[in-house]
Amino acid sequence: MPAPIRLRELIRTIRTARTQAEEREMIQKECAAIRSSFREEDNTYRCRNVAKLLYMHMLGYPAHFGQLECLKLIASQKFTDKRIGYLGAMLLLDERQDVHLLMTNCIKNDLNHSTQYVQGLALCTLGCMGSSEMCRDLAGEVEKLLKTSNSYLRKKAALCAVHVIRKVPELMEMFLPATKNLLNEKNHGVLHTSVVLLTEMCERSPDMLAHFRKLVPQLVRILKNLIMSGYSPEHDVSGISDPFLQVRILRLLRILGRNDDDSSEAMNDILAQVATNTETSKNVGNAILYETVLTIMDIKSESGLRVLAINILGRFLLNNDKNIRYVALTSLLKTVQTDHNAVQRHRSTIVDCLKDLDVSIKRRAMELSFALVNGNNVRGMMKELLYFLDSCEPEFKADCASGIFLAAEKYAPSKRWHIDTIMRVLTTAGSYVRDDAVPNLIQLITNSVEMHAYTVQRLYKAILGDYSQQPLVQVASWCIGEYGDLLVSGQCEEEEPIQVTEDEVLDILESVLISNMSASVTRGYALTAIMKLSTRFTCTVNRIKKVVSIYGSSIDVELQQRAVEYNALFKKYDHMRPALLERMPVMEKVTTNGPAEIVQTNGETETAVLETKPPPSGLQPANQANDLLDLLGGSDITPVIPTAPTSKPATAGGELLDLLGDLNLTGIPSITAYNKNGLKIDFTFERSNTNPSVTVITIQASNSTELEMTDFVFQAAVPKTFQLQLLSPSSSVIPAFNSGTITQVIKVLNPQKQQLRMRIKLTYNHKGSAMQDLAEVNNFPPQSWQ
């Protein structure tokens, strides 16, 4: 049989292929020749054939038939054969295949080989793909090599020990004596791998963490020597001595100093030295400074040191590199809750980042800007954020508008400023605001009695000839219907009143009704407003009757129903009309301790998604929910009032769910809706027997990190074709190490059997920082909604 072609020739041949089919043909031909050679047990060219097979594997072609040949090469006495054999094993084998167990004896022999390079190959392979069984069998050999005087083997043994600990954590104590001595090594490679090993052990075992805290002075000494040492060509990177080792040591110090006063005190000085002496003109120095900042913010450092760290992040914001600016904004966002005043000093720089061309930087700057808003700077910050809302890309408008609403509600210096700000948002980005923006603004206006005349005049002028911003038109229609008499009488004292007649007001509302831009819900607002004006106006009642009667035959069923009912009010119950359409009273804001209310207003379902907290002992009066719904106007509001909380726990079939009937366990598969940063949210599903359109989702939140997550709040939103109820959670604290879960029930009404989609928002405190994240859930099983 002729000698097979060499690897270089194969590469050259494959590169000449002009099409994918031609390349496949070449590969198949060569694979057939390699298979024949393997069947004939050709030891001479086995190494060459496996090398070619690995190249084809890297191109994406199947090479599994070469697994046993790799084992034969590993068993060979030639170093060149072993090298290709071990490389093939690392690429073609993993612990899911039983074949890899056949390597155990060969690896054990090679770990005791007289040649360090053979020992190194065995260590690399074990550290790359060793299973838990292999690690248990060979941990003793790895531990022996950790104690050897050969630095080449010690660094490889340390990395292999990291893999062994990950696979078999109970073997950690075996490496404890050898690990202590590794930090005395002068070789930077051994130091680097020993720090990696120490970090792994500290992260996996609280006992090891407490044990190794006494090494903090030694680590500080090593870091100080790195900073103060002169130029060393062997370790120098852009004028900085071994930045990789410095970063690793800083990460280990961060773990050791967390929640420990003595360790934090011991490393304060060295962190200050690194922060002040590191060169910032190169990216290498910025990497070290960033790691230093993270360490300072994570340990119990001095207040002056924390201010220094935040100032470093402030300097990062002025860097030309977009990645560094993004990192700085992300880090400041994590620290703004604990060091608010220090971050406030960089407010102008952060606001300038809103003008950046990079969308990722814009988003982080927007989030940080909202975090910086307080009672003292609310006017200035809102001015900048409103300017940003006016000019930003469409994907930012919804989040920016929501943030402005929340900040204005929390820090508004006056009711007039609050109303003006919300109206500015609706004028600028009305199409992007949340569904609850309209009822919230209506409630705000209702409660601001002294601002009624001013508000209705401003809204009237805002919608003259422009109906593009539907939420603005809805609020304006509601206010005109409620306070139209104030608009006509010209009683506004805050600004120059305008002269408006009753017919001009009705012209505007009729224009809204016939406009092509008006949605069905907007027309509902306008028709209800016209009906309310029948008790506010005196000269145009006949015109109002005519308009209402016209829409009694509208093709819009919702609008037709309203018009027919209003006609009946004129004809049969005219004596009750003034009382039914009287002005809304001042309302106190209602907070919900149970499910969110689902209301129908002017023909469109609005699902209010509210924060839910564990219920108090008292009962919530049902009429409060009715009072809140009255703000939205109309006579056909159908509230869903949740059952009052009792001492009985809320379970899937319990009293809180009696609204939607008994449940049917249908074996719907569960899904993982969210899994990030140690927080995992699982959804399980149940269907109602009495109402097949109802899906009950039970969420289970678990925490795999070493610290508990507190103040946990789960919020959800669904499209308007669905209706949502969010019940009270079982707790607000998620225990660490998956030792417990929080459960919460969501009920979704899906009358049209559409595919279920949901957006969730998670907020919680973890490791002293306020965390917040948004996620889309689109992978609901078909059984949950069909």
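Which residues does N750 touch, not counting residues up to four places away in sequence? I found S693, F722 and W785, where contact means heavy atoms within 4.5 Å. N750 is found in the loop between β11 (741-749) and β12 (758-766). I noted how the elements are named: helices (H or I, at least four residues) and strands (E, at least two) are DSSP runs, numbered from the N terminus. N750 counts as buried because its relative accessible area is 6%; buried means under 20%, exposed over 50%, and partly exposed in between (1.4 Å probe, protein chains only).

**Ground rules.** I reminded myself that this is a predicted model, where local features need pLDDT of at least 70, side-chain atom pairs count only at pLDDT 80 or more, and totals for chains, interfaces and linings use all residues. Residues are numbered from 1 along each chain as its sequence is written, and side-chain values use heavy atoms, with hydrogens and water left out.

**The whole chain.** I looked up the overall numbers next. The protein chain has 33 helices and 13 strands. Of its 786 residues, 51% are buried. Among contacts with a separation of 6 or more, 67% come from residues 24 or more positions apart. The accessible surface is about 36,500 Å², and 49% of that belongs to carbon and sulfur atoms; such areas come from the Shrake-Rupley method with a 1.4 Å probe, and for residues only the protein chains shown count as cover.

**Aromatic rings.** How many aromatic pairs are there? I wrote down the rule: rings of Phe, Tyr and Trp (its six-membered ring) pair if their centres lie within 6.5 Å, and planes under 30 degrees apart count as stacked, over 60 as edge-to-face and the rest as tilted. By this rule the count is seven. One of them joins F685 and F780, edge-to-face, with 5.8 Å from centre to centre and 70 degrees between the planes. This pair links distant parts of the chain, 95 residues apart: F685 is in strand β7 (residues 679-688), and F780 is in the segment after β13 (769-777). Both F685 and F780 are buried.

**Another loop.** I moved on to L581, in the loop between α32 (577-580) and β3 (598-601). Is L581 buried or exposed? L581 counts as buried because its relative accessibility is 10%. L581 and E482 are 99 residues apart in sequence, yet 8.8 Å apart in space, C-alpha to C-alpha. Leaving out residues up to four places away, L581 touches M531, K532, S534, T535 and R536.

D711 counts as partly exposed because its relative accessibility is 46%.
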